[in-house]
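Here's a friendly walk through one protein model, starting with its charged pairs and ending with its core. Have a look at the structure first.

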Amino acid sequence: MTSLNTKGSLSQYGATNSGYSSGAPDIKFMFNPTTFSESRSVKYHFSEGQGQVMPLSQFGMVEPTKLSFELFYFSHKGVEMQLKSLRKLVLPRKITRLAHYEQSSPHAYTLNLGNLGIWVGVVNSVDIEVKQYRKDNLAPIHFTARIDFTPTSTSIVNDVTHLRRIGGYY
């Protein structure tokens with residue numbers, strides 16, 4: 001019997017190839033594909049000429065894709081470590097007074113959502129809502145997290161290959 005829940009992961013981009021770790025969290029999760037949303041748009045350039053009745057359109061560019069999904073965490077033993085990992089998703093690479101340039105580049109992640117797709121990009125936001133906590137020490141035991149993710153460029157070849165694959169051009 002196949003479960004509706006699917007395994008997914010959010011891991012640091014390139015970590016397995018280079019062995020480099022910058023403190024970015026690797027998160028494995030179960031998700032319900034019915035809560036996944038994908039938003040795409042395109043930018044067109046329209047001609048404007050004197051005496052034109054209707055403008056001509058020309059493809060401009062693919063606007064950034066926006067992916068959103070929700071994660072649910074529950075354990076009577078506590079979910080504090082998962083909560084801390086999710087909070088790290090939107091922190092800069094380093095927090096120090098000396099390394100300003102390292103803070104300007106966000107962590108890049110590989111988002112693997114099984115048959116829905118695999119993307120490389122950045123986490124824009126994480127909205128966390130604690131639903132239940134222990135009464136004796138206020139440690140969370142149940143929370144939900146809504147994650148907004150934007151795929152970004154890795155190289156022109158990879159970008160075109162990805163667009164062809166998701167568009168069914170192969």
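## A charged pair to start with

Glu-129 and Lys-131 form a salt bridge, with their closest N and O atoms 3.7 Å apart. (A salt bridge here is a side-chain nitrogen of Lys or Arg within 4 Å of a carboxyl oxygen of Asp or Glu.) Glu-129 is partly exposed at 45% relative accessible area, and Lys-131 counts as partly exposed at 45% too. For these labels, buried is under 20% relative accessible area, exposed is over 50%, and partly exposed lies in between, using a 1.4 Å probe and protein chains only.

This is a predicted model, so local features need pLDDT of at least 70 and side-chain atom pairs count only at pLDDT 80 or more, while totals for chains, interfaces and linings use all residues. Residues are numbered from 1 along each chain as its sequence is written, and side-chain values use heavy atoms, leaving out hydrogens and water.

## The other salt bridges

How many salt bridges turn up in the whole structure? The search finds four. Among them, Arg-40 pairs with Glu-38, with 2.6 Å between the closest N and O atoms. Lys-84 also meets Glu-80, at 3.7 Å from N to O.

## Into the core

The largest nonpolar core has 23 residues, and Leu-10, Phe-29, Leu-86, Leu-89 and Leu-111 touch the most other members. (Such a core is a set of buried Ala, Val, Leu, Ile, Met, Phe, Trp, Tyr and Cys residues joined through side-chain atoms within 4.5 Å.)
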